[in-house]
Amino acid sequence: MYDSTYEMTDFDNHSPVRFFIHTIGSVPLHWHQCLELLYISDGTVTVTMKNTSFRLKEDDLILFHPYEVHALTASHCVIAAFQIQLNLFDKHVLPPSLRFDCCSVSDGRPERFDALKHLLAALIQANTEPDSCTPILNKSLSYALLHELVSSFGVEEYVEESDHSQTLSRMEE
C-alpha cells in the first residue's frame, strides 16, 4: 500500500489545461484527479510509479493518468507540468476510453514526441503575454493537445489491479 498525498488542482472553466514551470527537488508520492504531463526543461529527475523508476533528462516527457501514484526525485530540475482535466472537454468529442502510453524514455522514438512538444511550447508562449484572445487560443490549443495525445499516444483501456473509485471512497470516509 502506498503512503501518498492527493495534490489538489483547481481549474477555471475557460481551459481544461493548466501548466506550471518550476524547479523541483524531491516530491513525495502523490496523485491527481487529472492527467499530468511533465516536460523536463533542465536537469534530470527520477520518476517512480507502480514500482518502476525512470530517469528523465532534458527534453523528456512523461504522462501520469488520474489517480496514478507517483514520486519525483531530483537535486535540481526545471519542469513544465501540464495538468489536463478531461471532464472540461466537450463530452461528445471524448473517446469512450482514454489511456495513453506517453513516456519518451521508454519509447525509443524521440521524433514521435515532436508535435506534442510544439503544442506544449505554444501553450506556454500563448500565456507569456496574454491578451483578450488568449482564452480562445488556450481552448483551441487544449483541443489540439487532446487530439495529439489520442491520435499518437492513445492505447486501449485496461483495468488495473485496484479500482480507483474504491480507493477514493475509502479515503473520503
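Mentor: Buried means under 20% relative accessible area, exposed over 50% and partly exposed in between (1.4 Å probe, protein chains only). The model is predicted, so local features need pLDDT of at least 70 and side-chain atom pairs count only at pLDDT 80 or more, whereas totals for chains, interfaces and linings use all residues. Residues are numbered from 1 along each chain as its sequence is written, and side-chain values use heavy atoms, with hydrogens and water left out.

Trainee: What is the mean pLDDT of the protein chain?

Mentor: The pLDDT is the predictor's confidence in each residue, from 0 to 100. A value of 70 or more is reached by 82% of the residues. The mean for the protein chain is 85.

Trainee: Which element of the protein chain has the lowest mean pLDDT?

Mentor: The chain holds four helices and eleven strands, taken as DSSP runs numbered from the N terminus (helices: H or I, at least four residues; strands: E, at least two). The highest mean, 97, belongs to strand 7, while over residues 1–11 the pLDDT is below 50. Where pLDDT is low, the predicted coordinates should not be read in detail. The lowest mean, 39, is that of strand 1.

Trainee: How many salt bridges are counted?

Mentor: Side chains of opposite charge can pair when their charged atoms come close. The rule asks for a side-chain nitrogen of Lys or Arg within 4 Å of a carboxyl oxygen of Asp or Glu. By this rule, the number of salt bridges is five.

Trainee: Asp60 forms a salt bridge with Lys57; is Asp60 buried or exposed?

Mentor: The closest N and O atoms of this pair are 3.9 Å apart. Lys57 has a relative accessible area of 49% and is partly exposed. Asp60 has a relative accessible area of 8%, and is therefore buried.

Trainee: Asp59 forms a salt bridge with Lys117; how many residues apart in sequence are the parts that this pair ties together?

Mentor: The closest N and O atoms of Asp59 and Lys117 are 2.9 Å apart. Asp59 lies in the loop between strand 6 (52–56) and strand 7 (61–64), and Lys117 lies in helix 2 (residues 114–126). The separation in sequence of the parts tied together is therefore 58 residues.

Trainee: Asp107 and Arg112 meet in a salt bridge; which residue is joined with both into one network?

Mentor: Asp107 counts as buried at 18% relative accessibility, and Arg112 as partly exposed at 22%. The N to O distance between their side chains is 2.4 Å. Through salt bridges that share partners, the network also takes in Arg109.

Trainee: How many residues of strand 9 are buried?

Mentor: Both faces of this strand are covered. Cys77, Ile79, Ala81 and Gln83 are buried on one side, and Val78, Ala80, Phe82 and Ile84 on the other. Strand 9 is largely enclosed by the rest of the structure, because the buried residues number eight of the eight.

Trainee: Which residue stands opposite Cys77 in strand 9?

Mentor: Two strands pair if DSSP finds at least two bridges between them. Strand 9 pairs in the antiparallel sense with strand 2 (residues 17–24) over eight bridges, where His22 has Ile79 as its bridge partner. Strand 4 also pairs with strand 9 in the antiparallel sense, over eight bridges. Opposite Cys77 stands Gly43.

Definitions and conventions
Contact means heavy atoms within 4.5 Å.
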